[in-house]
Amino acid sequence: MPLPPLPCSLHLQSHTFIITHLPCEQQPKPPKATTSHCSAFIPAPLLSSFSLTFVSILSSSAYSSPFDALYASKKESCNSNDNNGVSITMAMDDSNPPDIDEDLHSRQLAVYGRDTMRRLFASNVLISGMQGLGVEIAKNLVLAGVKSVTLHDEGTVELWDLSSNFVFSQSDVGKNRALACVQELQELNNAVLVSTLTTKLTKEQLSDFQAVVFTDITLEKAIEFNDYCHSHQPPIAFIKAEVRGLFGSVFCDFGPEFTVIDVDGEEPHTGIIASISNDNPSLVSCVDDERLEFQDGDLVVFSEVHGMTELNDGHPRKIKNARSYTFTLEEDTTNYGVYQKGGIVTQVKQPKVLNFKPLKEALSDPGDFLLSDFSKFDRSPFLHLAFQALDKFLCEVGRYPVAGIEEDAQKLISIASRMNDDLTAGRLEDINPKLLRCFAFGARAVLNPMAAMFGGIVGQEVVKACSGKFCPLFQFFYFDSVESLPSEQLDPNDFAPLNSRYDAQISVFGCKLQKKLEDAKVLVVGSGALGCEFLKNLALMGVSCGGQGKLTITDDDVIEKSNLSRQFLFRDWNIGQAKSTVAAASAASINPQLCIEALQNRVGPETENVFDDTFWENLTVVINALDNVNARLYVDQRCLYFQKPLLESGTLGAKCNTQMIIPHLSENYGASRDPPEKQAPMCTVHSFPHNIDHCLTWARSEFEGLLEKIPTEVNAYLSNPGEYTSSMRKAGDAQARDTLERVLECLGRERCETFQDCVTWARLKFEDYFANRVKQLIYTFPEDAATSTGAPFWSAPKRFPHPLQFLSSDPSNLHFIMAASILRAEIFGIPVPDWAKHPRKLAKAVDEFVVPEFHPKTDAKIVTDEKATSLSSSSIDDAAVIDELVAKLRQCLGMMPPNFRMKPIQFEKDDDTNYHMDLIAALANMRARNYGIPEVEKLKAKFIAGRIIPAIATSTAMATGLVCLELYKVLDGIHKVEDYRNTFANLALPLFSMAEPVPPKVFKHRDMSWTVWDRWVLKGNPTLRELVQWLKDKGLNAYSISCGSCLLFNSMFPRHRERMDKKVVDLAREVAKLEIPPYRRHLDVVVACEDDEDNDIDIPLVPNTANSVQRGRSKFFPRAAFNLLRFDKVRKKDICGEILVVLMLKQLGVLKGAIISLPLHLTSVYGVQHSHFPFSAPRLRTIAATLQISLSPDLTSIYDIQYSYLPFSTPHLRTIAAATQISLSLVDWLLQRSSL
């Protein structure tokens, strides 16, 4: 019988060689797919006697048969041993590195880079012990893409193992653990060779691997194997890791001299030089564009320095006295040339050599332990002793201590005490019997959250060992989470096994907490990398697996190829399917008892009919698995509103963080925010770039303008010309004028009808972008130009540009033409001929076109103000120009084919065949060439322009493990805030920092106190008077009550007193025109209060339980938004003046009740300083409610007001300024008007 086509499964057994075909149809598979399509039998004499099962999915293009795959290459070997076991391994060989699948590994490439990935692709790893920890490590390494992973385990699957190993099912009980794992792990990455070894391991077999990991081994055997690895040439990286209940340990030994190529994985820091002194030592100053990140002792190199050219020799120089913008060189520059201008200083990253000690030596002299929780400063030495005592217990008794058996705990305590007494150095003053007892009771259990956490840590250490990327763990790391144990004392009977898959977990936490886990109602928001890990963890823990429990997972995204390197619940045949649906099905296959519902909804205001009040009220806990801050803030507000615990986490490359938001115990997620990322000024991006990021930002903007925004505007015009031109006339500003000009160009002189037209357009764009614009810039600002102060205009960080000359022989120039013309043809619906992708034929077509000569304009205006947010300059003739453009568009419309529409292109970074990234990379690199900026390859351009978030499986696994350890505490329900932990970790360093959550801010009034989590309950549907009086009884004077954008009551308006006897809900329906939807049980009302001393009081929520009113801080409004104005005698005049002005503008037709924009950069022309803007967030809201003007819901203070939501547009300000002839600030103007 001929051999079946690949992929296939090879089973090497004692008498036959069975080759079994695996189904490869692109459709979902059951978790334990059968593999019985066909088989071939080869007589045993050909193979000797084997006891190994080897499963591999290989490329059929590489080998004609599985048999060839085994024996064709000298890099692969089959070595039988005395125990009839087979180790299929591959030696590291970088001579012919495999290609990297950038679509699959793009996020991982952003972390590791190509060199590291190639080293991984050539690395063979052994993992011994396939319980929960071993399979987690294997999963992370298979996803990372090492060359091969060999799974070793001599034991068989027990029901006990099902609480920590996600590939085991009840049907696997009794099977060899390694054999039960191999198929599922192989499916994670077909490029990785996954094999098994099921017999006793010998140290000689370790020589076939670059790294070996042991998760279930005695100290005696570990020392034997470690000594062999340490002395082997080259050394074999040795890692010993254990998870025992809520305790874990890691030991690393990468050899006597291990070189770390890149210590932290960060890009080398750079600075732009402003001056260099001729001194000894020499002082170097850099521009204050960005703070320097150099440290004393760093090595740096100089380049592009004018004048002091001696520094441009590429020789690394050591610096000292590093400050924010200066440093000194340990070099005498007295006789060097005088610094003139320019220069870049770049950090030189130095390799680091680590001298590891073997395990036997390190046990007695461990050195410094890597700490994770500084509140447990003395815990690591204790656990160092405890794990050694446990090993001795195992050797003496032949088993691990049994949970609930006090005799076992006391024996372990006695062993630890004796070992401590025998120590000559490092003896502990207290061996902590209580903690040792907890350690003993959980010693046999491998908990899934601990396995996930340590699986991430150890997986990353293997990557370090194989690649030299990042600093290894040196050498011991110990961790515990005893705070996760139930708060109440448990009876020994609570630990007794129930013959269930959760017995291991019960042996640590008891059966009562297990019941709480099973009955929990959980919402997981997001099913990407974090979501997949969470679902796996929750299924193994038994969360929502009881009769009362339910797990809801929601995600509106679909699976893409790039997801597969981290989101391990997905397979390649799932690409294009809904993430939540596939993830839910995979999680249910891990634990069939899981009660899970998958939704494809985004959690936000638009889906409150899906995630309604009843849904939120019934939840036990919410787990975020999101990738953006805005979504996190919304979920945080809902959890705050409904007082639900929120477990938050996130990753960025090798970094991860977790935050516990616990009702009444911790602050909420939105209580503190990171500062916004610094954005480059618009003039820098468009005219004065000085790094590749600026070039790529510009390129992405041009791509979207040319191929998405303008075609969309064209279609809007063609769909309804009258309405479109009317809206442009109504806007009447520079932006409307520019948009119409671009639409007219697209339909007029730049309209394409043939592909040759597209090539011509691309050639003209090249000339415009990279020649004409630069010629205009250097004509307006020559190289010797000076500023108004006499300083050189082209001083750092500005770089003087040079125009490019198009050469069809230059591949980069031609590549721009190819990508631009193909995409231009796409938006016009023009077929792309074959010759368009043939460089020579395309070059011939381009060379036939003659580019018109360019003449710079003498009156060109180029924006140089760094505060400018628009390149368009307003003119008093804008309205007339718009009318002229509309008339020309009308003429073009008559020449257009019937029903013509353009096809806008939305940027898609993950499809390398669509030419999107080709065009952006070409745009950016040609612009970089203009300014003498180093160009980047397409992949790097993709990371920056595509805003790809670096991501790897290891940090994701660690983050979710840490969160699930906190979940035990949440579901127990009675832990204190000091029991919880927020974590920041950086696996690259490695660094672990754990701390208690920050308590919420406490507000006090009289004898009352409350936090953001508290509520005052008000039953029934009260009248406005009853509501005001209810607050009055608490010593609070309500002076303003609003609902949405409408003011229900304000004490300064006499007519509002007529509303006092109306029901609040009825008043909201009447004034705010608000109807309560069926899924809503309350009405949100914003109330501003003050005490008898006129001090503003921030009050808690006051929910009404009878489908009527809820008041206080709205679910959408942050706390700071309630610092409303006080209408006292001093300020009432000013407020009346402000409202008078707004009323006047409304009468003039300036305000139309819609959202109108105001750029805050208008400072010099119109005299409007945003720091003087007279409307604080509360005042704006009050005025908006009065005038029914829409405002942003997240206004927090005068400086946080978003310009796109302010009630004045640029033309309106211009109208006001011209009408009043003001040249003073708007606040002064308003104060003058307030006296009217």
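Q: Which residue of β17 does L299 stand opposite?
A: In general, strands of a sheet pair through backbone hydrogen bonds, either parallel or antiparallel. Here L299 stands opposite K318 in β17. The model is predicted: local features need pLDDT of at least 70, side-chain atom pairs count only at pLDDT 80 or more, and totals for chains, interfaces and linings use all residues. Residues are numbered from 1 along each chain as its sequence is written, and side-chain values use heavy atoms, with hydrogens and water left out.

Q: How many bridges join β16 to β17?
A: Strands (E, at least two residues) and helices (H or I, at least four) are DSSP runs, numbered from the N terminus. Two strands pair if DSSP finds at least two bridges between them. Strand β16 (residues 299-303) and strand β17 (residues 317-320) run antiparallel and are joined by 2 bridges.

Q: In what order do the 6 strands close into a barrel?
A: The order is β14-β15-β18-β17-β16-β19, with antiparallel pairing.

Q: At what angle do α13 and α28 pack?
A: Two packed helices are described by the angle between their axes and the distance between the axes. Axes are lines fitted to C-alpha atoms, for helices over the stretch in contact, and angles run from 0 to 180 degrees between N-to-C directions. Helix α13 (residues 511-518) packs on helix α28 (residues 953-972) at about 95°, with axes 10 Å apart. That makes α13 roughly perpendicular (65 to 115 degrees) to α28. Contact (heavy atoms within 4.5 Å) is made by L513, K516 and L517 of α13 and Y968, L971 and D972 of α28.

Note on methods: Parallel < 35°, antiparallel > 145°, perpendicular 65-115°, else oblique.
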